[in-house]
Amino acid sequence: MSSATLPRSTQSWQAADSAHFLHPFTDFQSLAKAGARIITRAEGIYLWDSDGHRLLDAMSGLWCVNVGYGQQSLVDAAAKQMLQLPFYNAFFQTATPPAIELAELLAAITPPQFQHVFFTGSGSEGNDTVVRMVRRYWDILGQPERQVIISRNNAYHGSTMAGASLGGMSGMHAQGGLPIPNIVHIEQPYWAALGQGMSRDAFGLMAAGWLEDRILALGADKVAAFIGEPIQGAGGVIIPPATYWPEIERICDKYGILLVSDEVICGFGRTGHWFGCETFGFKPDLMTFAKGVTSGYVPLGGVMVGERIARVLIEQGGEFEHGYTYSGHPVACAVALANIRLIQQQDLVGHVHDDVGPYLAQAFASLLDHPLVGDAETCGLMGAILLVKNKAGLVPFNPEVGIGMVCRGHCFANGLVMRAVGNRMIIAPPLVITRLQIDELTGLIRRCLDLTLVDAQREKWI
Ligand SMILES: *Cc1c(COP(=O)(O)O)cnc(C)c1O
């Protein structure tokens with residue numbers, strides 16, 4: 001028997017982990033001190049760790065396991081494709097059936113302006129593709145000076161050089177000399193932080209107006225595109241006012257600027273429509289996707305390319321000198337096909353829109369009576385709870401308290417995975433969650449809020 005098949009203790013896993021594995025977005029020393037939590041199996045919306053503890057996974061892994069864990073049809077699709085043809089490339093005038101079929105299916109389920117797709121291995125690679133593609137588009141049209149891409153503070157668009165540059169995370173920019181040239185950021189549409197004293201709708205119009213201000217300051221003939229997540233995910237589930245996206249679209253149209261929707265989280269049913277741009281009522285020229293396209297069972301990403309751009313690339317462009325070994329990977333595409341068919345067969349988009357989405361909204365509204373909860377909002381199956389020191393005026397905790405991390409600690413200890421982003425506690429559970437499981441989730445959240453309140457009173461943080 002090889003050592004890999006021997007059962008190992010949690011301690012042994014943790015020792016080997018800290019000896020050899022550099023984790024993403026991790027302070028290596030503090031992880032080594034704490035020891036990693038080793039997740040060994042999963043079923044439905046639940047995870048189990050190496051000590052046998054069960055956790056309700058309210059984050060869908062990392063925003064991706066939309067159909068839940070343990071779906072046999074995705075497993076079968078992968079196994080069958082691996083046997084038949086585990087890999088072939090799409091570089092040299094070749095293609096594989098799963099990639100073609102997935103392209104066809106994506107054209108059918110995305111908004112009608114999308115008839116073409118460019119496949120990548122991840123969301124970050126998708127956004128790298130966006131940067132190169134929009135600049136190429138303007139170049140072909142004889143406007144090479146249109147270079148600037150406008151994004152937003154506290155956006156997340158991935159972690160490659162271009163992805164991190166498009167993102168608006170100052171901590172990421174500080175490491176590695178980012179952003180790359182010609183990417184600029186405007187302020188985010190975060191009402192609770194920037195719009196108090198205004199109605200949400202009035203704030204949404206004002207926040208969209210910051211885009212027009214920046215376009216005019218730069219000169220419209222220098223601006224290639226605007227990119228945004230319909231709802232900022234990693235930034236803390238920032239749900240924009242309903243007025244925001246239609247006004248953004250109007251401004252992009254007015255100046256002829258391409259509009260890019262980063263749907264890596266919002267895509268594939270998360271917001272109660274297939275795509276976030278449908279929930280918010282705007283029509284992007286490009287759409288980045290990843291995560292939910294395969295429910296995370298294998299890596300896959302891509303960019304839906306609107307006909308406005310595709311026609312220019314195809315008819316006037318010559319070779320587009322960009323691509324990845326795994327663009328259109330047949331196993332990943334086969335899993336994506338099985339995943340999308342499962343979402344269709346089980347009508348998970350309708351389930352979110354008509355049933356569990358509204359039910360989660362009610363559950364979150366019921367948390368507003370808690371002394372720590374300043375705001376609680378949802379859209380589809382994304383939700384955020386703002387923890388405040390004083391509900392009147394939404395007075396924040398001293399950041400040094402790390403109130404979100406305190407709450408997150410109670411969540412883990414009580415069998416719940418909920419993420420903390422500063423003072424926001426966020427969730428994005430699998431779309432297969434039931435009402436009964438939402439009751440369980442809400443009960444766990446309330447218990448963890450109560451435990452956090454006890455800490456806050458004892459330590460005199462409030
Ligand atoms: C996760 C994420 C990305 C990056 O995707 P990776 O697959 O991690 O490269 C990009 N955009 C958004 C909105 C994301 O949430």
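Before starting I noted that helices (H or I, at least four residues) and strands (E, at least two) are DSSP runs, numbered from the N terminus. This is a predicted model, in which local features need pLDDT of at least 70 and side-chain atom pairs count only at pLDDT 80 or more, while totals for chains, interfaces and linings use all residues. Residues are numbered from 1 along each chain as its sequence is written, and side-chain values use heavy atoms, with hydrogens and water left out.

I looked up the end of α16 and found that the helix is followed by Gly415, whose phi is positive, near 85 degrees. I then asked which residues of helix α16 are buried, where buried means under 20% relative accessible area, exposed over 50%, and partly exposed in between (1.4 Å probe, protein chains only). In helix α16, which spans residues 403-413, they are Ile403, Gly404, Val406, Cys407, His410 and Cys411. These residues lie on the same side of α16, because they cover an arc of only 165 degrees around the axis, the arc being that of the directions from the helix axis to the C-beta atoms. As a reminder to myself, an α-helix has 3.6 residues a turn, so residues three or four places apart point the same way. The packing partners of the buried residues of α16 are β12 (382-387), β13 (416-417), β14 (419-421), β15 (424-427) and α17 (435-458), with contact meaning heavy atoms within 4.5 Å.

I noted the division of the protein chain into domain 1 (44-67 + 347-458) and domain 2 (72-345), with bounds that come from an automatic or database domain assignment. To their contact, domain 1 gives 31 residues and domain 2 gives 35 residues. Their C-alpha centres lie 27 Å apart. About 2600 Å² is buried between domain 1 and domain 2, and carbon and sulfur atoms give 62% of this area; buried area is the accessible area (1.4 Å probe) that two parts lose on being put together, summed over both.

How many salt bridges does the rule find across the interface of domain 1 and domain 2? It finds 2 there, a salt bridge being a side-chain nitrogen of Lys or Arg within 4 Å of a carboxyl oxygen of Asp or Glu. On the side of domain 1 that touches domain 2, the elements giving two or more residues are α3 (60-63), α15 (348-366), β11 (373-379), β12, β14 and β15.

By this rule the count comes to 17 salt bridges. In one of them, Arg341 and Glu101 meet through their side chains at 3.0 Å, N to O. This pair links distant parts of the chain, with Arg341 in helix α14 (residues 330-345) and Glu101 in helix α5 (residues 97-109), 240 residues apart. Arg341 counts as partly exposed because its relative accessibility is 36%, and Glu101 is partly exposed at 35%.

I also looked up the salt bridge of Asp375 with Arg200, whose closest N and O atoms are 3.5 Å apart. Asp375 counts as buried because its relative accessibility is 10%, whereas Arg200 is partly exposed at 33%.

Lys254 and Glu212 form a further salt bridge at 2.8 Å, N to O. Lys254 lies in helix α11 (residues 244-255) and Glu212 in helix α10, 42 residues apart. Finally, I noted that salt bridges with shared partners join Arg200, Asp375, Glu377 and Arg424 into one network.
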